[in-house]
Amino acid sequence: MKMDKNFERIKKSRLTAAIIKSAVCGLAAGTFAAGAVLLGLKLGQVEIHFAYYILIGVAAAALAGAGAFFLLRPTDKKVAAKLDAEHRLNEKTQTMVAFYGREGDLYELQRSDAEAKLAALPKSKPDFKKLWQYAVAMVIALAVFVTSLVLPANASDNPGPYDEPFTFTDNQKAALLSLKSDVESSHLTENDKSATVTALDALYSALEQAEYQRQMKTAVVSTVSFIDGVLYTANSFDDIAYYLSATEDLTELANAITDGVTFYRSSTVPFFTMESVTDAEKNMETSVRNKVEPKMEEILKIYAITKADGLKEKIDSLNDAISNAAVNVHIKDDDLIAVALKSFVAKLTVVSEQSETYEDKYLQGEIKKAVNALPDELYDALAPQAYNCIMNEYVRQRLVQIFGLKQTDLPRLRSGVAELDSQPNDEEDDPNQGGEGDQKDIYGTNENVYHPEKGEIVEYGPHHAEFRAAMLEQLDKADLPESVREYILAYFSAMGSGLQKPDGDGNEEN
């Protein structure tokens, strides 16, 4: 007796995905290992035969790829459990697998039911959103490898007039490991936690090789930029608020979202300790609600008009604007803020449909119910993003404290929205930080990075073409899956171009 063909098809598809993921893990590990060894030896001015790098890369790739496949391989039981969970099949698939090969009318009936359910499932498409962590690992590995290739072997012989020796002290090592432990014990999501810990591990390794203050500062700034991208820029509140604020009547709703997430900025207590983070988390609900709830009265005033004065048209117009803010290219379908806004729109849509039947008093009562329910739904959406921001702030503050840097040494927190990021910094008027470029040159990032050929720290934007050319050269030499190549190319395109604007007038790179 053969297993159901639809089940085998799904299993085969997931096996292919597991093989691709394992291959990417292996390639990332091999590339990172070869690059890390090459970088370390270059910094130490030690040369070995190039064949050793190939051997190191192949060995690391084989070990990591095999280990990843062992963890990811889809067995019958794993596939059945995931299908039941994803499509709410009430363990029908697991029961079919468990009693595979059994004879009898009851087993045949159960199999027929399960097979019918599987046949009715839509054909699944690859979910590239879930592959981002594998692609990020590959990008980091390639970044290390490219840096190791272009870094001059005698770079440390020419430190420059402003470079002083750096020693990674035992106290700094202990403090950095303590920060890593704090992140591991935090309430970040597993993906965000893993990415942040990986960045701190990479920083530790880089500082063990650093000989000059410039190298230390570059490593810390690069690490902060990466963690900002994981914990702050990955949030959606700035994006959604920006699109909402394009409609004047929705400004208070936009303010409720941004103020609810960034309530911590009004605190006079800096996040130098994990205890301060814990205290902020304990008071999260009160803090967020204190920012969100006062805005509701202003939002109610927007809808305080009669049917005769155009209540239905007002609701429909604002519903369209809210929907456009919640559903755009930068926002995931399952984003909690977007979900809360869609729920709000759905309630007001009902009010709009009832406007031809009911009187103003009843309609205003229904609007008030919808608005009053909004803080509860928004809290569940804003609290996780507020916590991400607080943990990001804590990591930034601690790294400044550990390595004796200044706040102005760190990159400015970017929202991910080019128009917002081009505005002056509210906290500092630092001419070295600026925006994301001028009217003609808008970059996805313009942070300070180390330029290996110049041997100095430069703004990323003007040198984007050089870095992109070096990456393309390495891509031509590397045997990578097409999906990984596309991700890397998309990443560099985003870094070299302005983000899409609400009117569709982007500044994408060709």
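## Salt bridges

A salt bridge here is a side-chain nitrogen of Lys or Arg within 4 Å of a carboxyl oxygen of Asp or Glu. By that rule, this structure holds 14 of them. What you're looking at is a predicted model, where local features need pLDDT of at least 70 and side-chain atom pairs count only at pLDDT 80 or more, while totals for chains, interfaces and linings use all residues. Residues are numbered from 1 along each chain as its sequence is written, and side-chain values use heavy atoms, with hydrogens and water left out.

## Pairs between helices

Let's start with D201 and K180, whose side chains meet in a salt bridge at 2.9 Å, N to O. D201 lies in helix α8 and K180 in helix α7 (residues 170-184), so the pair ties together parts 21 residues apart in sequence. Helices, by the way, are DSSP runs of H or I with at least four residues, numbered from the N terminus. D201 is partly exposed, at 32% relative accessible area; buried means under 20%, exposed over 50% and partly exposed in between (1.4 Å probe, protein chains only).

Next up, E252 and K295 form a salt bridge at 3.9 Å, N to O. This pair links distant parts of the chain, with E252 in helix α11 (residues 251-261) and K295 in helix α13 (residues 284-302), 43 residues apart. E252 is partly exposed at 25%, whereas K295 is buried at 18%.

K369 is exposed, with a relative accessible area of 56%. Elsewhere, salt bridges that share partners join E285, R289, E293 and D376 into one network.

## A buried charge without a bridge

D192, in helix α8 (residues 190-209), is buried yet has no salt bridge. The nearest side chain of opposite charge, K332, is 7.8 Å away (Lys and Arg count as positive, Asp and Glu as negative; His and the chain ends are not counted). Leaving aside neighbours within four places in sequence, D192 is in contact (heavy atoms within 4.5 Å) with V230, L231 and N388.

## Out at the surface

L71, found in helix α2 (residues 50-72), is exposed, with a relative accessible area of 62%. Over in helix α5 (residues 105-120) you'll find A119, which is partly exposed at 49%. The C-alpha atoms of A119 and F7 are separated by 8.6 Å, though the two are 112 residues apart along the chain.

Terms used: Helix = DSSP H or I, 4+ residues; strand = E, 2+ residues; numbered from the N terminus.
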